[in-house]
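Dear colleague,

I am passing on the structure we talked about, and below it you will find my notes on what came out of it. Please read them with the model open beside you.

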Amino acid sequence: MKYYSLGNRHDLVSAEAAIRSGLAPDGSLYMPERILSLDFAALAEAGAALPELGTRVAQAFLGEEIEEAALAGIVREAINFPAPLIEIEPHTWVLELFHGPTLAFKDFGARFMARVLGHFRRNADTSLTVLVATSGDTGSAVAQGFYRVPGVEVVLLYPKGMVSKLQEQQLTTLGENITALEVAGSFDDCQRIVKSAFVDPEITACMELTSANSINIARLIPQSFYYLSAAAELFQRGIPSVSFSVPSGNFGNLTGGLLAKRMGMPASRFIAATNANDSVVRFLNGTDFEPTSTIPTISNAMDVGNPSNFPRLLELCARSRTAMAEEVFGVSCSDEETKACIERVYRKVGYVLDPHAAVGYLGLEKARAAGLNGPGVILGTAHPGKFIDTLDTVLPGVVSLPETLQQVLRLPKQARLISDRFEDFKDFLVSERQA
Ligand SMILES: *Cc1c(COP(=O)(O)O)cnc(C)c1O
């Protein structure tokens, strides 16, 4: 199967090329030429679980270029943690996607993509260098995802003093094939340096570079697995169709849900649940799509003013706002509502939502108030212990720092400080390479 660029539909490339380059040469996103349909009812009745479903789906997207046994291995290694479906109230479930190493759903995409790239490099005699500018969470999922993947080196750039202590520890304590650079500058400086590296002839002459941000199609594919497995589990229990409420920022997760539905998963409705960064919600409600600058909120992994997957959503909905609005209900909520929701749900049912899942909960609640009936699944995108500072202001003492994060705090930081000048970064990259 080929992948086409949204900027030029005649630009068809292999899965390997789409995944290795991330973006098409004109800067637009890749999409699969076809979405194969699965016999969902048969799969669900056969009791297909996450790894089997994942392998089936991965085969549909990548099976022409990666043989079945290798793909099954990639899925098994990447998704080596469960995604339990917890019924917190009658007809309302949280799909907990935070049992991977960084305790957030981005582990699915990052770990899968890392292993697919590693597979494509298996016979190469040079390594591939993944460059990532991060303001925190994405970098740690990517670093963990690629950790110890043969043939791949990761160089992370983060702004000195601008990430939390915990995030910094997650970025800087892995070592081995993960190098962390602490940049004396802002996140924008980190991004500028990375962008310059991709077009620098001397750098690109001596090493192969790639990026690993959420626009890569290999990060989206595994984000359809857990929708299918959750829907299959409920289907087996006699619930034929559910709505999914998706806490959204760049809209990669919601794109994964639409892909699952196009493959044959029954879904009543998707709810695009956002914080104050609501450009997609406003589009669904009838205004033009207008990216805005980012507004900081307590659900900060969703603070995205210009969601990069919006063109994919539109493409999957036949490029029609009306079609998208029929499938996707948009809700945005404030930090005050989010905090009140965390407290209210805890008092009512004893379940602790992290700030992102709380936005998802509010999304489902508001959609129900607007007339959406039936069972609903909220995607639990992060472990509440990751947001202990916020949780402590709302539910003092209820949540503790998870053991895996406590361990990370005890490890020694290994980061090299560099200036915000591109030349310094280049010296580092080129000399390190030759060393
Ligand atoms: C990244 C992230 C989101 C948003 O996911 P998108 O795919 O960017 O919409 C939601 N919650 C958490 C915890 C995240 O890390």
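How much accessible surface does the protein have, and what percentage of it belongs to carbon and sulfur atoms? The accessible surface comes to about 17,000 Å², and 50% of that belongs to carbon and sulfur atoms, with areas taken from the Shrake-Rupley method using a 1.4 Å probe and, for residues, only the protein chains shown counting as cover.

Please keep in mind that this is a predicted model, in which local features need pLDDT of at least 70 and side-chain atom pairs count only at pLDDT 80 or more, while totals for chains, interfaces and linings use all residues. Residues are numbered from 1 along each chain as its sequence is written, and side-chain values use heavy atoms, with hydrogens and water left out.

On the overall fold, the protein has 20 helices and 14 strands, which are DSSP runs (H or I of at least four residues for helices, E of at least two for strands) numbered from the N terminus. Of the 435 residues, 57% are buried, where buried means under 20% relative accessible area, exposed over 50% and partly exposed in between, with a 1.4 Å probe and protein chains only.

As for cysteines, the structure holds zero disulfides, a disulfide being a pair of cysteine sulfur atoms within 2.5 Å. Cys341 is buried at 0% relative accessibility, and the cysteine sulfur closest to its own, in Cys333, is 7.8 Å away, which is too far for a bond. Cys317 is also buried, at 3% relative accessible area.

Cys317 is among the residues that Arg262 touches, together with Ile35, Leu316 and Glu327, leaving aside residues up to four places away in sequence; contact here means heavy atoms within 4.5 Å. Arg262 belongs to helix 12 (residues 252-262) and is partly exposed, at 26% relative accessibility.

Finally, two residues other than glycine have a positive phi. Leu103, with phi of about 60°, sits in the loop between strand 5 (92-96) and helix 5 (106-120) and is buried at 8% relative accessibility. Phe251, with phi near 70°, lies in the loop between strand 10 (242-247) and helix 12, and is buried at 2% relative accessibility.
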